[in-house]
Amino acid sequence: MVKSIGVEYTWAKECILDLKADNNEVEYLVTDPDSSAYRATQDLYEEGTTSTQPEHFLDTRHVSENIRKRTKNDKNLLQIMPARIQVKRQKLLNCFSVDLTERCNAELAQAMKIYSENFQKIKCKISHVVDAIFNCYTGNHLSCKKQSFLCDELKKVWLRGRSLVPKTFKIAHSQQNIDFIRKTVNLRLGPNMLENTRLNMNTSFVEGFNRSLRRSLPSNVTFNRNITGRAHSAAHSANFGLGESVLELCTALHCEVSVGGSAYKALNGLYYEVQ
């Protein structure tokens, strides 16, 4: 109880030991890029406590957010934004950083959807998509027609349907500008990053559960008698959904909600038009 919640190494070690007690071992671990939780799993394996060497993957949501921030603060990209005034260039770069990140993630998601059973095929296709992306932002869509999953210059044009950057957005075509964009795109679609995010997973569900836990156990209230029950209730709600969780809990307490009633419909997320 005296440990800080921010000591990820300690909590990860404790969780892994709890799993080990139930004969479960961690094979894959998905964390933030700056998390120390993976070090805990590695240390337990090296000291012989666990017998499975874990494989570490990066959380795709945090990776994307880090790339967006890095792109937004890139001085080289700021200078090549198609605007005359510094303020407008910065505004364009802010929008471009979001758009480029979403483009990379969307291309990767589509590749995984098509070639879901063959990661080597995905890596091969994405290596060509990188060329299509930076050429697309300079107004050259020839490689888009051949390599991109989301832009073909005719029926599908990536920038045409985007609200973040204007349809006329176009970076001057030069080798230096292409190198700047390619460097940024490779932060997400480079071979090493593709390997590190191969499972395409994130920690959103875990963070969502933490918010549910804080809702049931706010830090400004002490629950001496029922802290365990409230924590278990939060976990049940996160696993099954709020409505279904309430219905199951009521059934377990022998106070079933009448099927077809307004409370039942609301808990099931059903909406009926009043006749």
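Guide: The lining of the largest cavity is made up of three nonpolar, three polar and no charged residues, where Ala, Val, Leu, Ile, Met, Phe, Trp, Tyr, Cys and Pro count as nonpolar, Asp, Glu, Lys and Arg as charged, and the others, Gly among them, as polar. This is a predicted model, in which local features need pLDDT of at least 70 and side-chain atom pairs count only at pLDDT 80 or more, while totals for chains, interfaces and linings use all residues. Residues are numbered from 1 along each chain as its sequence is written, and side-chain values use heavy atoms, with hydrogens and water left out.

The residues that line this cavity are Ile16, Val26, Thr41, Thr50, Thr52 and Pro54. A cavity is a set of points, on a 1 Å grid over the protein atoms alone, where a 1.4 Å probe fits but cannot get out, and lining residues have an atom within 4 Å of a point. The volume of the largest cavity is about 40 Å³, a volume being the space filled by probe spheres set on the points, which are joined across faces, edges and corners. Counted in this way, there is one cavity of 30 Å³ or more.

The domain assignment, whose bounds come from an automatic or database source, divides the protein chain into domain 1 (8-58), domain 2 (60-196) and domain 3 (203-270). Taken over C-alpha atoms, the centres of domain 1 and domain 3 are 29 Å apart.

Let us turn now to a single residue. Ser36 sits in the loop between β1 (28-31) and α2 (37-46); helices (H or I, at least four residues) and strands (E, at least two) are DSSP runs, numbered from the N terminus. If its neighbours within four places in sequence are set aside, Ser36 is in contact, meaning heavy atoms within 4.5 Å, with Glu8 and Tyr9. A polar atom of the Ser36 side chain lies 3.4 Å from the backbone nitrogen of Tyr9. By contrast, the C-alpha atoms of Ser36 and Met201, which are 165 residues apart along the chain, are separated by 18 Å.

Terms used
Polar contact = N/O pair within 3.5 Å; in protein donor to acceptor, adjacent residues only side chain to side chain. 1 Å grid on protein atoms, 1.4 Å probe; cavity = no way out; pocket = protein on both sides within 12 Å on 5 of 7 lines; lining within 4 Å.
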